[in-house]
Amino acid sequence: MRISTSSLVTIIVFIHGMFSVVKAGAPPENSIPIIADRPNFNTVNLELFLQLSWHYFNVLQAGDQTAEQIFNELLPPANQTGMFLCIAPVPIQKWGHWPGTFTGRFSENAFSGSTAYGRPVWYGITYGGTTFQKDTVLEYFSAIEFKDSLEKNVQIMDSLFGAENQVWFYNTFDEGPNRQWNHMMHDSVYNPSTGDSVATYIDDFIPNMFTQALGQDSLPSLEKIDPEGVFSWLKYEVEHGDTAHTVVSVFGLFHNFDWCGHQIRYGTFTDQVNAIRAYLNMEYQGFGTPTLPLKVQNRPQFFIWDCYPYRLVGTNWLSYHSSYQNQVCGWQDTLLLAHFEEGMDSTFITVRDVAIEQERDIPVYYYPQTIGTCGGDVMWEITQPLAPDTLISYWTYSGRFPTPQEFLLNCNLGLIRGTVALFPYCTRSYTGTTSQGESYYTAGYLDNNNMPFDAPYEEWVYTDRWRSDYAVIPPDSFPPFSDSCRVCGDFDPLWDLPERPTTTGDRLTEDYLMWKFSAYARRWNSFRDTFGQIAAVAPELTQLHWWQGHENCLVISLGSGIYRYLQPHVRFFSDNYENPYAFYINRDCYYSASPVKITAFADSLPYEVGFISKILDHSRRFLIPIEQNMDNDFWTFRDTLDAGQGRLVQFFDGSLPADIRITQPDISASGGGILNTHEYRFSVETAITINATFFNMGTVSASDVIVMLKDSTTNSVLATDTVSFSGLSGAYQCDKQTASFFWQPDSDDIGIHILKVVAGAISGEPDTNDNSTQVVFQIIPRDYAKTVLNNPWDMTEASGAAPPAWHTNDLISVSGWNSTFTDSISGMFEGTIPDPSRFNKIELNLSSGSANYIPTRLYDQFSMIAKAEHELTVTVHWQYKNLREQSLVLGTTIDSDWGELGPIDLNSGSSGWASEDVRRLWLEFSGTNLDTDVRIGWIKLTE
């Protein structure tokens, strides 16, 4: 049914909330979930979940592993931290992703025959140890055989994940529509040995989503998802076998663009519209004899897509346009940004139109870009990995870093169009090879081991992080990073960098790499601010509906002397009660806090909204003063917007009922010398203060509101408080109250705790879903050195006039070693055990006096992080206060992989550890392959 635009608001209001978006557990409906996509699965652990949660992510998406691996490795930390999972393990991922398991509906073969489906490979594909020299079908299936195979995989999924509320949905056939179009259009594979392209046809079916139909121009029509195709069957079978979770796919952007002599040919916006319509109207055709059953609806529950609008700053662009003057934000820079925004409109409007036709809600989830090409053959002018040139040459279209401001803009460009979830792409850094055989290195917001780029040096220096300038180019070497860019001078002030370090000797490598990687860490470090801005407006924004065609109701005028190439975007929205809201964005990624004048023409709004006397700024949670024109037909107010920033404001008259709000960024904690942190890791017995700031979003006061701190992990109330609100009244003044809760966890609390802050509902409150939020705390055991000595054994270098030879006060003495030091890598003890191995020892500093003896009944868990050139056994020695000595050989050895030993119980066996307090503690190392280099990052003795 086609519904006229004039009926839009009525229909949207009617359908909103009437259709279930997901079947299983999911983030709250009035939130905008932030999904971490594509981590390095091999290093996913509880620490990654905690760091993501503390940076306001609440979902992790991962796949490409067996269902059992995901179940065993991802679900436990997801359940502990309350985070959700989007997954695509092998049982559903394999059909459209990996050579040798690709499967397609061979439409030229009868549906009823034995060759209806097949597993193809084509020229150049290596599978099972064989590199195929021609197109080959490995195996054919009948429809019944293929269904049986699907059902077996569905049973695996249902048995593991069917009852799991932390699993949100299954995401597979990544960018399947675009990949199938590309196969149908570019029916060839590049042969690097000859430089020729080899014709194929089998790959047209992979990944098997759309039919093979062509239009009059002999181009793919994308007019229909094949109801007998693999994706339709996979989606239908999974959702009927595992009724708790839905199956979706991600769209890319079909577009056509010419830039700087570079032709981009990935379809058109018309293809985008056709493909979206086909996808959202997809059907399933079951198999039966002697006649086929009727086709049934197989519609996706939501729509996911990616699009990366950014400015052009490639070196090729600079050289191609001789007239280019390095003028920031000029039309040459913003050409591609405008192009992608047009593609965004074609996508969001199409989804919205189909939702109206189908009389249902179709949420849109969106991937904004965080990745950037950082090295490899594609960026260097020569292709010698061991000796890269000092000049680079790259096309920004192939991927460049967004500044934090550009990433904020990219998120807001999605929000203004109605996205209700964000997948910042992507978590990990990865490498690959182009179809022409060129290597590329791409930096995500974490490194290739899921570690922040600016993590302490000793935490990653012995991992396999790429450190060469060939793989990760120094940021002052290419735009848009720095005003010291050797290619183009002062290019982009958003990427200004400190000067390169000038240290020499052993410290030069560390200082240089820390300087280089700090620039790459900016996106990760900006997330709290960006996602905090999104969380502030999420409760309203997810409930609003776009008033199409009324953008001119609000005009933004630039201040005197301000010139922009990019005007701010404006869109009007309405809630279910037809109250008007405006969302506007500063698309200029250069000028911060430029004052603007905003004029609202209320008479032009599609509904009578009454006399507008107030404006509520939902982004900053205060009222903005408004000036009325003498003729009473328009109103003006002023605002400042940082680069890429968005603002949500509500126009109203009279009063707004009291409405309590708290979001995750409104929580902070202090304790143990740590102030106002959002990383909630504290030791046992620490007196923790948890500050929770509640906001009243209404103009009416509210008194004696009871607020509580609950521990959802133990189902207990930890603390209560009472707050009162006066109601929004003065301009630029938030109506907020901060409740302080006190918690001192003991040894029984060691572990993960989901703490929930809750405010009681107020009579007449319009929305109580935003009265609570939750954060994840980790309570860790007390560490002897940190707690008793106030100085952890972290191998930090000694200071002062005469430091010990091994450069750390964490040790009392070292003997039997060669070349012991820490200053080549700060916070790291390094040394070599000689051959032959004589007695070697490193004695840990317990300071002096009986007050510092180790209370062995409390501290009995030993752990250390270390790495050795060859495998080593560790023996822990100690001396009791009565001078008797004892030792324990640890069952875990140090090897060539950097990793943690323990915690190991020193009471194991007959050690007698807890029989008396200990006054001395030292370690001895032994092995069969010496000389051996050893690295120790830290040592802990915990309860």
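Trainee: Why is Asn450 called buried?

Mentor: The relative accessible area of Asn450 is 8%, and buried means under 20%, exposed over 50% and partly exposed in between, with a 1.4 Å probe and protein chains only. Asn450 is therefore buried. This is a predicted model, in which local features need pLDDT of at least 70, side-chain atom pairs count only at pLDDT 80 or more, and totals for chains, interfaces and linings use all residues. Residues are numbered from 1 along each chain as its sequence is written, and side-chain values use heavy atoms, without hydrogens and water.

Trainee: How do you know whether Ser847 is buried, partly exposed or exposed?

Mentor: Ser847 has 43% relative accessibility, so it counts as partly exposed. Phi of Ser847 is near 60°, again positive in a residue other than glycine. Its place is the loop between β47 (841-844) and β48 (861-868).

Trainee: Which peptide bond involving Cys426 is cis?

Mentor: The bond that joins Tyr425 and Cys426 is cis, with omega about 0°. Cys426 is in the loop between β21 (419-422) and β22 (430-433). A cis peptide bond also joins Leu930 and Asp931, where omega is about 5°. Asp931 is in the loop between β52 (918-926) and β53 (932-942). Most peptide bonds are trans.

Trainee: Why are α6 and α8 called oblique to each other?

Mentor: Helix α6 (residues 143-161) and helix α8 (residues 230-241) pack at about 45°, with their axes 9 Å apart. Angles under 35 degrees count as roughly parallel, over 145 as roughly antiparallel, 65 to 115 as roughly perpendicular and the rest as oblique. The pair α6 and α8 is therefore oblique, and its crossing is right-handed.

Trainee: Which residues of α6 and α8 meet?

Mentor: From α6, Ala143, Phe146, Lys147, Leu150, Glu151, Val154 and Asp158 meet Val230, Trp233, Leu234, Glu237, Val238 and Gly241 of α8; contact means heavy atoms within 4.5 Å. By class, eight residues in the contact of α6 with α8 are nonpolar, one is polar and four are charged.

Trainee: Why are α12 and α15 called roughly parallel?

Mentor: Helix α12 (residues 404-415) and helix α15 (residues 522-541) pack at about 25°, with their axes 9 Å apart. This angle therefore makes α12 and α15 roughly parallel to each other. The crossing of α12 and α15 is right-handed.

Trainee: What makes up the contact of α12 with α15?

Mentor: Pro404, Phe407, Leu408, Cys411 and Leu415 of α12 meet α15 residues Arg522, Ser526, Phe527, Thr530, Phe531, Gln533, Ile534 and Leu541.

Trainee: How many helices and strands are in the chain?

Mentor: The chain has 16 helices and 53 strands. Of its 943 residues, 57% are buried. Among contacts between residues at least 6 apart in sequence, 73% join residues at least 24 apart.

Methods
Axes fitted to C-alpha atoms, helices over the stretch in contact; angles between N-to-C directions. Helix = DSSP H or I, 4+ residues; strand = E, 2+ residues; numbered from the N terminus. Left-handed = near helix turned anticlockwise from the far one by under 90°. Nonpolar A, V, L, I, M, F, W, Y, C, P; charged D, E, K, R; others polar.
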